[in-house]
Amino acid sequence: MAFKEGMDSVKKFFQKIGKKNLVIVGAVLLIGVAVLANWLIFRDTNDGYDYNGGDGMVGVLDNTKDPTSDENGNQTDSSTDTSTDSYFSSVQVSRQRARDEAIEVLNAVIENENATEQVKAEAAAELAQISVCMQQEANIESILVSKGFEKCVAVINEDSANIVVKCSETLTPAQLAQINAVVYEQAAIEPVNISIVAKA
């Protein structure tokens, strides 16, 4: 008897809230999960980022010693190149997967007949912002590769950017300035909000 009363009160609660609001809450939760997944991908403290820094030239790894050479400069192992290529590929795939999930959720909100016009407009604006970020990331990556960096991954989150470039040596101040300038030109993000790391 108590169980049935409990179930009735749960049904009344959900009826009171309404399907529309449940769908909206679910969409917001899914977007939050996608953003969290994106953050988890790029928060690894072993990747060289200094998240406490703030001068726009933080987190640069010292890669002056070639890990594929011994102390005499002889090549010993080429697995590092494969590992680095795998790193860049996996980051790009993970970034795209998180974005695809967010886009799917936002499209579902926009197409939902029960969603209010305000909620649909907010979802459309967020979808447009994701599209802008994706274009900015692609532009930054292609420009930096054209400037001599072998590989590059850019991740833009609103007003901050994380840039990872493949570089066997420590980035010079000129290279750091060049990266900062490209990011600023393409995404209007100040150098203080740009984290740069060199991945050997």
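**Exercise 1.** In this predicted model, find which residues of helix α4 meet which residues of helix α5, and sort the residues of the contact into nonpolar, polar and charged.

*Solution.*
Step 1. On the α4 side, the residues in contact are Gln136, Asn139, Ile140, Ile143 and Leu144; their partners in α5 are Ile179, Val182, Val183, Gln186 and Ala187.
Step 2. Sorting the residues of this contact gives seven nonpolar, three polar and no charged.

**Exercise 2.** Describe how the axes of α4 and α5 cross.

*Solution.*
Step 1. Locate the helices: α4 covers residues 117-146, and α5 covers residues 173-187.
Step 2. Their axes come within 9 Å and cross at roughly 145°.
Step 3. The crossing of α4 with α5 is right-handed.

**Exercise 3.** Is Ala138 buried, partly exposed or exposed, and how far is Ala138 from Gln186?

*Solution.*
Step 1. Ala138 belongs to helix α4.
Step 2. The relative accessible area of Ala138 is 36%. Buried means under 20% and exposed over 50%, so Ala138 is partly exposed.
Step 3. From C-alpha to C-alpha, Ala138 and Gln186 are 9.8 Å apart in space, while in sequence they are 48 residues apart.

**Exercise 4.** Count the aromatic pairs, then classify the pair of Tyr87 and Phe88.

*Solution.*
Step 1. With ring centres required to lie within 6.5 Å, the count is one aromatic pair.
Step 2. The ring centres of Tyr87 and Phe88 are 5.6 Å apart and the planes stand at 85°. Planes over 60 degrees apart count as edge-to-face, so this pair is edge-to-face.
Step 3. Tyr87 and Phe88 are both buried.
Step 4. Lys199 places its charged end over the ring of Tyr87, 4.5 Å from the ring centre.

Conventions: Residues are numbered from 1 along each chain as its sequence is written. This is a predicted model: local features need pLDDT of at least 70, side-chain atom pairs count only at pLDDT 80 or more; totals for chains, interfaces and linings use all residues. Side-chain values use heavy atoms; hydrogens and water are left out. Rings of Phe, Tyr and Trp (its six-membered ring) pair if their centres lie within 6.5 Å; planes under 30 degrees apart count as stacked, over 60 as edge-to-face and the rest as tilted. Buried means under 20% relative accessible area, exposed over 50%, partly exposed in between (1.4 Å probe, protein chains only). A charge sits over a ring if NZ of Lys or CZ of Arg is within 6 Å of the ring centre and within 35 degrees of the ring normal. Axes are lines fitted to C-alpha atoms, for helices over the stretch in contact, and angles run from 0 to 180 degrees between N-to-C directions. Helices (H or I, at least four residues) and strands (E, at least two) are DSSP runs, numbered from the N terminus. A crossing is left-handed if the near helix is turned anticlockwise from the far one by less than a right angle, and right-handed if clockwise. Contact means heavy atoms within 4.5 Å. Ala, Val, Leu, Ile, Met, Phe, Trp, Tyr, Cys and Pro count as nonpolar, Asp, Glu, Lys and Arg as charged, and the others, Gly among them, as polar.
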